[in-house]
Amino acid sequence: MAVNPMLAQDGASGSLFPMPESGEAFVLRRDNIDFECVLPRGGKLWGRGCFFLSSKRIVFVSEGKSCRQDFKSFGIPLQTIKKPKFEQPIFGANYLTGATKPAPGTEADPMAAPLIGGDTLFYLTFRSGGCNTFLPLLFQLLADVQASQPQGSVAQAAQEGRLNQVAYVDPSDPSVLYLSQPTAVPGSQQSTAFEIEAPSAPPAEGNAAQAGTGGGGGGNCTVS
């Protein structure tokens, strides 16, 4: 788990995506997402943008709206996710929630510093569309990780460019499958330092609401 994992420019689309880790295969991208997390030592981070699901992690990438100017992305390793739950409230948008913590051996990484001290609760709210393509892929990847099979059926299909053969494609789910792996434009890597005790930026109108509570996204973003 990390605040502001490195991003890069996708050579095909020109948009930002997470810089791939060794052996990582991207499965899908989902737009129109509100993200929020509650940090173990107090404070929140929130933003609006998209997320990427890969064979190793979920990475939220802010696209213009976030609680702080230095909050650009948030990485959640699949191996650290606890009690994932998909909620479908009668009123309000569907959301995925769970708890996470830094992956073993990464505690000394500066990107993990705000996340030390316990579990971080996260919420990914789907502002439009269904999730019947995304959810089976996510839970299959989680099962493979828990079974110590990092190159399970979904990950292998992503590497080989045949996700369309293993994924259920729901017309109401706007998730975009990766039928070929994205490549970074040379020299386009972006790394943003996160100031732990920096004051929060002024809340932008329409920012993420706290999933599950319906609260506004203007909560305290100062991280101690």
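Cys67 counts as buried, at 0% relative accessibility, where buried denotes under 20% relative accessible area, exposed over 50% and partly exposed the range in between (1.4 Å probe, protein chains only). Cys37 is likewise assigned 0% relative accessibility and counts as buried. The sulfur of Cys37 has its closest cysteine sulfur in Cys67, at 8.1 Å, which is too far for a bond; a disulfide is defined as a pair of cysteine sulfur atoms within 2.5 Å, and a search of the whole structure returns 0 disulfides. The model is a predicted one, in which local features need pLDDT of at least 70 and side-chain atom pairs count only at pLDDT 80 or more, while totals for chains, interfaces and linings use all residues. Residues are numbered from 1 along each chain as its sequence is written, and side-chain values use heavy atoms, with hydrogens and water left out.

The chain contains 3 helices and 11 strands, these elements being DSSP runs numbered from the N terminus (helices H or I, at least four residues; strands E, at least two). Read from the N terminus, their order is β-β-β-β-β-β-β-β-β-β-α-α-α-β. Of the 224 residues in the chain, 48% are buried. With a contact taken as heavy atoms within 4.5 Å, 65% of the contacts between residues at least 6 apart in sequence join residues at least 24 apart. The accessible surface of the chain, from the Shrake-Rupley method with a 1.4 Å probe (for residues, only the protein chains shown count as cover), comes to about 10200 Å², and carbon and sulfur atoms account for 52% of this area.

Helix α2 (residues 153–160) has as its buried residues Val154, Ala155, Ala157 and Ala158. These residues cover an arc of only 165° around the axis, which puts them on the same side of α2; the arc is that of the directions from the helix axis to the C-beta atoms. The cover over the buried residues of α2 includes β4, α1 (134–146) and α3 (163–166). Just after α2, Gly161 adopts a positive phi of about 70°.

Positive phi values also occur in residues other than glycine, as in Asn32, where phi is near 60°. Most residues other than glycine have a negative phi. Asn32 is located in strand β4 (residues 26–38) and, at 29% relative accessibility, counts as partly exposed. Lys83 also has a positive phi, near 50°, and is placed in strand β8 (residues 82–87); with a relative accessible area of 77%, Lys83 is exposed.

The search of the whole structure finds 12 aromatic pairs, for which rings of Phe, Tyr and Trp (its six-membered ring) must have centres within 6.5 Å, planes under 30 degrees apart being counted as stacked, over 60 as edge-to-face and the rest as tilted. One of these pairs is formed by Tyr95 and Tyr123, is tilted, and has a centre-to-centre distance of 6.2 Å with 55° between the planes. Because Tyr95 lies in strand β9 (residues 95–100) and Tyr123 in strand β10 (residues 120–126), the pair ties together parts that are 28 residues apart in sequence. Tyr95 is buried, with a relative accessible area of 12%, and Tyr123 counts as buried at 13% relative accessibility. Ring pairs also link Phe17, Phe26, Phe52 and Tyr178 into a cluster.
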